[in-house]
Amino acid sequence: MNAEKEAAYKKLAQLSKEDPLVKIGVGFGSGLFEKCPGTIGTIAACPLVYCLSFTPIYIYLTLTAIIFLAGIKICNHIEKKINIHNSL
């Protein structure tokens with residue numbers, strides 16, 4: 001892991017203790033794993049998807065759209081906090 005990426009992870013770990021939006025954005029810590037953070041984050045989201053699968057399709061699609069749009073806002077918030085664009 002390069003130094004810039006490592007510094008960003010440390011800053012995110014610290015911010016996730018202070019800012020609830022950052023905590024949500026890193027999947028309550030699941031996205032801070034050094035190896036395969038995306039995979040761990042996906043595994044952490046599986047229970048939510050499983051629970052939503054029992055709802056009617058219109059509720060499922062509505063909640064999916066809301067979570068998607070909230071994710072964009074949360075990512076923008078985190079980018080501003082750590083001052084690094086989401087391209088690492």
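Here is a short chat about the predicted model shown above.

Q: Before we dig in, what kind of model is this, and how are residues numbered?
A: It's a predicted model, where local features need pLDDT of at least 70, side-chain atom pairs count only at pLDDT 80 or more, and totals for chains, interfaces and linings use all residues. Residues are numbered from 1 along each chain as its sequence is written, and side-chain values use heavy atoms, with hydrogens and water left out.

Q: What box do the C-alpha atoms fill?
A: Roughly 45 × 25 × 25 Å, taken along the principal axes.

Q: And how much of the chain is buried?
A: Of the 88 residues, 16% are buried. Buried means under 20% relative accessible area, exposed over 50%, and partly exposed in between (1.4 Å probe, protein chains only).

Q: Switching topic: what's the volume of the largest pocket?
A: About 1,100 Å³. A pocket here is an open set of points on a 1 Å grid over the protein atoms alone, where a 1.4 Å probe fits, with protein on both sides within 12 Å along at least five of seven lines; lining residues have an atom within 4 Å of a point.

Q: Which residues are closest to its centre?
A: Of the 34 lining residues, those are Ile-24, Gly-25, Val-26, Gly-27 and Cys-75.

Q: Which helices supply that lining?
A: Helix 1 (3-18), helix 2 (20-25), helix 3 (37-52) and helix 4 (57-82) each supply at least two residues. The largest share, 10 residues, comes from helix 4.

Q: How does the lining divide by residue type?
A: Into 21 nonpolar, 11 polar and two charged. Ala, Val, Leu, Ile, Met, Phe, Trp, Tyr, Cys and Pro count as nonpolar, Asp, Glu, Lys and Arg as charged, and the others, Gly among them, as polar.

Q: You mentioned Cys-75 by the pocket centre. How many disulfides are there?
A: Zero, with a disulfide being a pair of cysteine sulfur atoms within 2.5 Å. Cys-36 is in none, and the nearest cysteine sulfur, that of Cys-46, is 13 Å away.

Q: Are Cys-36 and Cys-75 buried, exposed or in between?
A: Cys-36 is partly exposed, with a relative accessible area of 42%, and Cys-75 also counts as partly exposed, at 40%.

Key
Grid points are joined across faces, edges and corners, and a volume is the space filled by probe spheres set on the points. Helices (H or I, at least four residues) and strands (E, at least two) are DSSP runs, numbered from the N terminus.
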